[in-house]
Amino acid sequence: MGYIPFHKPHLPKTTISQIKRVLDSGWITTGPQTKKFEQEFQSLVQAKNCVAVSSCTAALHLSYLAVGLKVGDEVIVPSFTFCSAINAIIHTGATPVFCDIKEDTLCVDPEDVLKKITKSTKAIVVVHYAGMPADMDAINKIAKKYHLKVIEDAAHAFYATYRGKFIGESSNIVCFSFYATKNLTTAEGGMVVTSNEKVADLVRCLSFHGISKNAWKRYDKTGSWKYDVIIPGYKYNMTDIQAVIGIEQLKIAERSYKNKLKVVNLYKKHFAKNPTLILPIDPPFPQSRHAWHLFPIRITKKSKITRDVLIEELKKAEIGVSVHFIPNHQQKFYKKNFTEQKRLPVTEKVFKEIISLPLYEDLTTSEILRIANTINKLTQ
Ligand SMILES: *Cc1c(COP(=O)(O)O)cnc(C)c1O
């Protein structure tokens with residue numbers, strides 16, 4: 001039988017020769033390859049400015065700083081996301097205010113966002129959950145009316161589109177993740193994408209100690225030994241070793257998406273007759289594409305077993321699964337320090353039911369069948 005891991009990255013064979021080229025070049029950190037990766041990413045997602053960084057967590061932190069978040073500000077953010085997006089709000093001194101999600105898309109619920117707005121609200125964080133584009137028209141309308149900044153957490157949404165445009169093409173600040181399990185990986189890495197040149201310049205400066213432009217070049221023959229600290233920044237830059245992995249991944253983006261779509265369609269086909277499950281939907285917007293980073297299914301009350309027991313059984317059957325996400329308002333730190341936060345009924349219900357199945361391009365048809373048959377047998 002053999003173990004089916006939750007995730008296996010697909011790295012084209014050319015990756016090794018490209019990494020070797022970087023190692024042999026004598027320049028292994030931020031340099032020409034990082035620049036090239038930014039440019040190629042930019043032309044693919046039709047973005048205006050791209051800044052490659054060390055992770056999406058770093059991208060989010062820098063975006064929060066770039067919009068000026070500080071003590072006393074409130075940020076409306078779904079609880080149903082990865083903790084790093086919330087932790088980084090705390091690092092700026094601002095306060096996260098958790099909002100609920102919509103039951104069909106599992107993305108931020110604009111009506112609940114409206115309810116959470118106060119005089120202190122400064123920004124809204126939107127998560128394109130699992131690769132599903134969030135309802136950006138509704139969110140942008142609210143942001144405009146109340147003069148709020150919007151930061152899009154696109155950790156799951158590389159290659160997703162919303163109303164004919166790539167996620168990344170918007171006028172908001174958009175953050176991507178290139179973590180090992182994500183749609184495009186550089187092992188660790190992230191990207192800040194923005195149409196605002198000033199924001200891009202500030203993010204670039206903050207990502208490298210807050211020192212003046214092109215300071216990374218100071219050991220290059222065209223560089224200068226002089227630098228000036230403009231603002232106390234961070235060490236969030238991407239290396240050229242990571243960047244070449246990304247450049248090779250960009251080349252296979254379309255094929256990779258299509259192969260994942262095949263896996264998704266097979267899952268949908270094999271689960272179609274199982275009335276105990278709720279399957280993920282396609283985007284309820286015209287000309288929009290789900291990036292299919294995750295395939296989250298929900299184990300409803302009609303099932304013979306609970307979600308938690310199902311996970312145990314799948315482990316015994318040597319099938320790796322995961323849960324995205326344990327809500328943040330139920331995490332120890334946030335529960336203790338943000339006690340005024342109200343309950344989030346949809347988030348709490350969905351969390352108890354949800355489970356992410358393996359979804360990657362090298363998953364074989366027989367593995368997909370084994371996963372689907374095992375779940376069908378256990379739930380109905
Ligand atoms: C993975 C993830 C992040 C963090 O990305 P890193 O690159 O690991 O820092 C942020 N938000 C969401 C929704 C994620 O899934």
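1. Leaving aside its neighbours within four places in sequence, which residues is Y159 in contact with? In this predicted model, the partners of Y159 are L44, F166, A253, E254, Y257, R289 and A291. Y159 itself lies in the loop between β5 (149-153) and β6 (161-162). Y159 counts as buried because its relative accessibility is 8%, and the cut-off for buried is under 20%.

2. Y159 can be set against a residue elsewhere in the chain. Between Y159 and E353 there are 194 residues of separation in sequence, and their C-alpha atoms are 27 Å apart in space. E353 belongs to helix α12 (residues 345-353), where the buried residues are T347, E348, V350, F351 and E353.

3. The largest nonpolar core contains 80 residues, and F41, F176 and L357 have the most contacts inside it. Helix α9 (residues 253-271) supplies the largest share of this core, with 6 residues.

4. Helix α1 (residues 14-25) packs with helix α8 (residues 240-251) at an angle of about 150 degrees, and their axes are 9 Å apart. The two helices, α1 and α8, are therefore roughly antiparallel to each other. Their crossing is right-handed. On the α1 side the contact is made by T14, T15, Q18, I19, V22 and L23, and on the α8 side by D240, I241, V244, I245 and E248. Sorted by class, this contact of α1 with α8 has 6 nonpolar, 3 polar and 2 charged residues.

5. Residues three or four places apart point the same way, because an α-helix has 3.6 residues a turn.

6. Helices α9 and α13 (residues 365-379) pack at an angle of about 35 degrees, with axes 10 Å apart. The crossing of α9 and α13 is right-handed. From α9, the residues V263, L266, Y267, H270 and F271 meet T365, I368, L369, I371, A372, I375 and N376 of α13. What classes of residue make up the contact of α9 with α13? There are 9 nonpolar and 3 polar residues, and no charged ones.

How values were computed. Residues are numbered from 1 along each chain as its sequence is written. This is a predicted model: local features need pLDDT of at least 70, side-chain atom pairs count only at pLDDT 80 or more; totals for chains, interfaces and linings use all residues. Side-chain values use heavy atoms; hydrogens and water are left out. A nonpolar core is a set of buried Ala, Val, Leu, Ile, Met, Phe, Trp, Tyr and Cys residues joined through side-chain atoms within 4.5 Å. Buried means under 20% relative accessible area, exposed over 50%, partly exposed in between (1.4 Å probe, protein chains only). Helices (H or I, at least four residues) and strands (E, at least two) are DSSP runs, numbered from the N terminus. Axes are lines fitted to C-alpha atoms, for helices over the stretch in contact, and angles run from 0 to 180 degrees between N-to-C directions. Angles under 35 degrees count as roughly parallel, over 145 as roughly antiparallel, 65 to 115 as roughly perpendicular and the rest as oblique. A crossing is left-handed if the near helix is turned anticlockwise from the far one by less than a right angle, and right-handed if clockwise. Contact means heavy atoms within 4.5 Å. Ala, Val, Leu, Ile, Met, Phe, Trp, Tyr, Cys and Pro count as nonpolar, Asp, Glu, Lys and Arg as charged, and the others, Gly among them, as polar.
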